[in-house]
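This briefing sets out selected features of the structure shown below. The points are grouped by topic for reading alongside the coordinates.

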Amino acid sequence: MASIQSLLDSVALPDSPTARLDAELLLAAALGKPRSYLRTWPEHEPDDAQLATFSAMLERRRAGEPVAYILGHQGFWSLELEVAPHTLIPRPDTELLVETVLQLVPATPLRVLDLGTGTGAIALALASERGGWTVTGVDRIAEAVALAERNRQRLKLDNAEFRQSSWFEALAGERFGLIVSNPPYIAAQDRHLAEGDVRFEPLSALVAGADGLDDIRQIIGEAPQHLEVGGWLLLEHGYDQAEAVRALLSDAGFLAVESRRDLGGHERISLGRWPA
C-alpha cells in the first residue's frame, strides 16, 4: 500500500500550474479529511476505495477539468460555496469588488442588486458582511438561481434572495442603492477561451461580443433606471478594459468614476455614482 506522502510525491499533473495543491485537495477529498490531515498523518495508507476515488479525480484533472468542479465546492471571501458547470467558478480577483463595496458604502440599510449572480458569491459575501442590507441576486439561468439559493440556505443568510432575470428584465420599477456585477467580459475570439480551466466553464458567462464589452454596455445603459439617487454601480472587467469602462460610465452620466487595482496590479473593477 502507498502512503499519503508517497502518493503526493508521485502525482504528475504537467498542465496544471498548481499541481501539488490540486493533488492535495483531491486526496483530502478522497479521504474525507481536511487538507491539514495530509501533513499530520503523511504515513497513513489510504484503502482501496479511497485510492480508486483519488485516481478517478486525478484523471478528470489531467483532462483539464477544474478542481472546483471535481470537488463541487469553492471558497470565496469567508464562505464555502457549492459550484457546478453551469456557473463560473468564483475567483479571488472578484473579492476586490466585495472589498471595495465594504469600503465605499456605509453599513446603513440598503437594497443591493447583484447582476449575473452565478453561485451567489458576491451577493452572499455582501449579505454575510452587512446584516442590515437586503441583497437580491439575479441570473438568467434557472439552474444558477437554484444553486445560489442552495448556497443561501446552507449559509442561513436570510437577508439575501435570488431570482431569474436576464440583467434587469424582470426588475421593472425596482430601484437599488447599489448595483454590482461580474458580467461576461471576454472577447469572442480571445485565445484564452481555449486554455486552462475556462474551457470547462459556460461560454455564456464568459463571452460578451467582439470586444468583450457588450454586456457591460447594456448594464451601464440600463442601470440609471434602477439606481436610487446617489446610488453606486460597480463592475468587474478585463485587465485591459478599465479605460473603456470608465468612458462608458462617464458618458452615461455617472460621477466619481474610477477604477481599482487587483493584487496583480491590474485595474480590475470600475465604478461610478449616479448623481444626487
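In the hairpin formed by strand 8 and strand 9, five residues lie between the strands, and Gly 265 there takes a positive phi near 85°. The model is a predicted one.

- Strand 3 (residues 110-115) and strand 6 (residues 176-181) run parallel and are joined by four bridges.
- Opposite Leu 115 stands Ser 181 in strand 6.
- As a general point, strands of a sheet pair through backbone hydrogen bonds, either parallel or antiparallel.

**Helices that contact the sheet**

**Thr 119, between strand 3 and helix 7**

- Thr 119 is placed in the loop between strand 3 and helix 7.
- Its relative accessibility is 2%, so Thr 119 counts as buried, the cut-off being under 20%.
- Leaving out residues up to four places away in sequence, Thr 119 touches Leu 81, Glu 82, Val 83, Thr 87, Leu 88, Pro 90, Leu 124, Leu 147, Ala 148 and Asn 151.

**Aromatic rings**

- How many aromatic pairs does a search of the whole structure find? The search finds one.
- That pair is formed by Phe 254 and Trp 274; it is edge-to-face, with 5.1 Å centre to centre and 65° between the planes.
- Phe 254 lies in the loop between helix 10 (242-251) and strand 8 (255-261), whereas Trp 274 lies in the segment after strand 9 (267-273), so the pair ties together parts that are 20 residues apart in sequence.
- Phe 254 is buried, with a relative accessible area of 3%, while Trp 274 is partly exposed at 22%.
- Elsewhere, the charged end of Arg 130 sits over the ring of Trp 133, at 5.7 Å from the ring centre.

- The 13 residues of helix 2 (residues 19-31) should span 18 Å at 1.5 Å a residue, and the end C-alpha atoms are 18 Å apart, which agrees. The expected span is 1.5 Å times one less than the number of residues.
- The buried residues in helix 2 are Asp 22, Ala 23, Glu 24, Leu 26, Leu 27, Ala 28, Ala 30 and Leu 31.
- These buried residues pack against helix 1 (4-10), helix 3 (36-40), helix 4 (48-62) and helix 5 (67-71).
- Gly 32 follows helix 2 and has a positive phi, near 70°.

**Arg 20 in helix 2**

- Arg 20 lies in helix 2, and its relative accessibility of 37% makes this residue count as partly exposed.
- Apart from neighbours within four places in sequence, Arg 20 is in contact with Gln 5, Leu 8 and Asp 9.
- The C-alpha atoms of Arg 20 and Gly 221 are separated by 45 Å, the two residues being 201 residues apart along the chain.

**Tryptophans with a positive phi**

- Trp 77 is found in the loop between strand 1 (73-76) and strand 2 (79-82). Its phi is near 55°, a positive value in a residue other than glycine.
- Is Trp 77 buried or partly exposed? Trp 77 is partly exposed, its relative accessible area being 28%.
- Trp 167 is found in the loop between strand 5 and strand 6. Although Trp 167 is not a glycine, its phi is positive, at about 50°.
- Trp 167 is buried, with a relative accessible area of 11%.

Conventions
Residues are numbered from 1 along each chain as its sequence is written. This is a predicted model: local features need pLDDT of at least 70, side-chain atom pairs count only at pLDDT 80 or more; totals for chains, interfaces and linings use all residues. Side-chain values use heavy atoms; hydrogens and water are left out. Helices (H or I, at least four residues) and strands (E, at least two) are DSSP runs, numbered from the N terminus. Buried means under 20% relative accessible area, exposed over 50%, partly exposed in between (1.4 Å probe, protein chains only). Contact means heavy atoms within 4.5 Å. Rings of Phe, Tyr and Trp (its six-membered ring) pair if their centres lie within 6.5 Å; planes under 30 degrees apart count as stacked, over 60 as edge-to-face and the rest as tilted. A charge sits over a ring if NZ of Lys or CZ of Arg is within 6 Å of the ring centre and within 35 degrees of the ring normal. Two strands pair if DSSP finds at least two bridges between them.
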